[in-house]
Amino acid sequence: MDKVLYISSAGANLAMRAQQVHANNLANSSTPGFRRDFVSSLAVELQGDGLGSRVMPVARGLGSSFDAGIMETTGRNLDVAINGDGWLSVETAAGTEGYTRSGQLQVTPDGQLVIAGGLAVVGEAGAIQLPEFQSIDIGIDGTITIIPPGGANEPVLVGRLKLVNPEPGELQKSADGLFVATAGDELDADPEVRLRTGYLESSNVNALNEMVSFLSLSRQFEAQMKIMKAAGDMASSGDRLVRDQ
């Protein structure tokens, strides 16, 4: 009887955790560059008396899908999308280096280049600070050129985005949604990473698939609750039989 409760409660907990992850995926289905998360689990033999004939699910942790999103044209010269593999480097709120595929860049009133959430974009020499300009352009290799105000129309090179391209196993998603290096170190720039200016990469979340998975998990959770109730009813029946004898 106890094994049934353990197995059912473990299944219900895992289904509930997976629902939370799918709900977060759905909430970010329109967030540029977002990477879909999933719960990884494995089956573990339930320990105890008797034969080892029952297994229970145990969550191993969160994983992220590195499938690319769709390139959507915006025509905005500060929107950039990674063309192929690679990541933009930004400075996290903790001052460390994080990585994102979201390329909605903006320039603050004091000239700092940031992403949509306000985090500073990192260049090859740290956070990128721009001088005043009348126009700006970002090249496919991440180089940033400007036309100074009132100056000649000759572009001036003012910096270069730090673009990295680690193996998927070298990155993990942090609580703020950014990816960080698994080893904790800052990654080296990769000059082979290329950008597309005037484009944004969409989230790689398929809203329909997420909704179907969410509903399926709801059914699994309900089934586990019914099993636990049935186990409780069987235990109560057994107690009554013992008392009536």
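**Figure 1. Strand E6, covered on both faces.** In this predicted model, strand E6 (residues 97-100) has Glu97 and Tyr99 on one side and Gly98 and Thr100 on the other, and all of them are buried. Buried here means under 20% relative accessible area, exposed means over 50%, and partly exposed is what falls in between (1.4 Å probe, protein chains only). Strands (E, at least two residues) and helices (H or I, at least four) are DSSP runs, numbered from the N terminus. As background, side chains in a regular strand alternate between the two faces of the sheet.

A word on the model itself: it is predicted, so to speak of a local feature takes a pLDDT of at least 70, side-chain atom pairs count only at pLDDT 80 or more, and totals for chains, interfaces and linings use all residues. Residues are numbered from 1 along each chain as its sequence is written, and side-chain values use heavy atoms, with hydrogens and water left out.

**Figure 2. Strand E5 and its two partners.** Strand E5 (residues 87-91) is mostly covered, with four of its five residues buried. On one pairing, E5 joins E6 in the antiparallel sense over four bridges; two strands pair if DSSP finds at least two bridges between them.

Figure 3. Val122 sits in strand E9 (residues 122-123). What is the relative accessible area of Val122? It is 8%, so Val122 counts as buried. Contact means heavy atoms within 4.5 Å. Setting aside neighbours within four places in sequence, Val122 is in contact with Ser89, Val90 and Glu91, with Glu97, with Ala127 and Ile128, and with Leu161 and Lys162. Gly159 is 37 residues away from Val122 in sequence, and their C-alpha atoms are 9.9 Å apart in space.

**Figure 4. Leu187, a loop residue.** Leu187 lies in the loop between strand E16 (179-181) and strand E17 (195-197). Is Leu187 buried or exposed? Leu187 counts as buried, because its relative accessibility is 14%. Not counting residues up to four places away in sequence, Leu187 touches Glu97 and Tyr99, and also Lys162, Val164, Pro166, Leu171 and Ala181. Leu187 and Gly98 are 89 residues apart in sequence, yet 9.4 Å apart in space, C-alpha to C-alpha.

Figure 5. E11 pairs with strand E12 (residues 143-147) in the antiparallel sense over four bridges. Within this pairing, Ser135 has Ile147 of E12 as its bridge partner. Four residues lie between the strands of this hairpin, and Gly142 takes a positive phi near 90 degrees.

**Figure 6. Gln19 in helix H1.** Gln19 has its place in helix H1 (residues 2-27). With a relative accessible area of 14%, Gln19 is buried. Which residues is Gln19 in contact with, leaving aside its neighbours within four places in sequence? They are Phe214, Leu217 and Ser218.

**Figure 7. Asp49, out in a loop.** Asp49 lies in the loop between strand E1 (37-45) and strand E2 (55-64). A relative accessible area of 74% is why Asp49 counts as exposed. Asp49 and Glu201 are 152 residues apart in sequence and 54 Å apart in space, C-alpha to C-alpha.

Figure 8. The chain has two helices and 18 strands, and buried residues make up 35% of its 245 residues. Along its principal axes, the C-alpha trace spans about 100 × 35 × 30 Å. Among contacts between residues at least 6 apart in sequence, 61% join residues at least 24 apart.
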